[in-house]
Amino acid sequence: PAATWPPRPAATPAAPAAEPPGSAGVPAGGGCAGPLPGFGTGARAGPSEDTRAGAPTGGKEPQDAKTKHGTRKVPPPDPGTASDSAEFVALMKAFRSFHGKPTLRAMAKVCSRHPRIDRPYSYGAFSTIGKNGKLPKRELVCAYIAGCGGSDAEIDQWIEAHKRLSLDQADP
């Protein structure tokens, strides 16, 4: 019978198929006795894909970071570690990457439906964050974090860090 890769359990016995020309004497499965340990389906993988057994497939999970040897749990960026506005903005961008790097348009749609956001923000407003070297407005930070898919607790954490930095910048 013609071999499929990966092998599937046979539900009902099928009639033997005729051997393709040039395959005489080659065992089913192309000459392999079965899958080799540590290898996936045999499909070609791109340079960043991991085809090992047990490796994650598809879907972006915000708490997982891909490494050379699989995935590991990584905490979200902590805004409390920012010492100035540039670091704060860099952490905001890292938070967006942590949540799968949604497009600015998608973030604008998500934050417009969020109950804690008072008014809708455009993707253009998000694109200006960090351009002038200043700390973004508190409402924009809240909308950005909500647009990334941040929880209420995460939004509160970012607001507290923003308050601390804005007070630090006000004191010479």
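Modeller: In what follows, a residue is buried when its relative accessible area is under 20%, exposed when it is over 50%, and partly exposed in between (1.4 Å probe, protein chains only). This is a predicted model, in which local features need pLDDT of at least 70 and side-chain atom pairs count only at pLDDT 80 or more, while totals for chains, interfaces and linings use all residues. Residues are numbered from 1 along each chain as its sequence is written, and side-chain values use heavy atoms, with hydrogens and water left out.

Biologist: Why is Cys142 called buried?

Modeller: The relative accessible area of Cys142 is 9%. Buried requires a value under 20%, so Cys142 is called buried. Cys111, at 0%, is buried as well.

Biologist: How do you know that Cys111 and Cys142 are too far apart for a bond?

Modeller: A disulfide is a covalent bond between the sulfur atoms of two cysteines. To be counted here, a pair of cysteine sulfur atoms must lie within 2.5 Å. The cysteine sulfur closest to that of Cys111 belongs to Cys142 and is 9.0 Å away, too far for a bond. The structure accordingly holds 0 disulfides.

Biologist: What makes Arg116 and Asp156 a salt bridge?

Modeller: The term denotes a side-chain nitrogen of Lys or Arg within 4 Å of a carboxyl oxygen of Asp or Glu. For Arg116 and Asp156 the closest N and O atoms are 2.7 Å apart, and the pair therefore meets the definition. Arg116 lies in the loop between helix H2 (104–112) and helix H3 (123–127), whereas Asp156 lies in helix H5 (residues 152–170), so the pair ties together parts that are 40 residues apart in sequence. Helices here are DSSP runs (H or I, at least four residues), numbered from the N terminus.

Biologist: Why is Asp156 called partly exposed?

Modeller: Asp156 has a relative accessibility of 38%, which falls between the limits for buried and exposed.

Biologist: What makes Arg164 and Asp168 a salt bridge?

Modeller: Their N to O distance is 3.8 Å; the rule asks for a distance within 4 Å, so the pair qualifies. Arg164 and Asp168 both lie in helix H5, 4 residues apart, about one turn of the helix. Elsewhere, salt bridges that share partners join Arg116, Asp152 and Asp156 into one network.

Biologist: How many salt bridges does the rule give?

Modeller: The count comes to 4. One of them links Glu160 with Lys163, whose closest N and O atoms are 3.6 Å apart.

Methods
Helix = DSSP H or I, 4+ residues; strand = E, 2+ residues; numbered from the N terminus.
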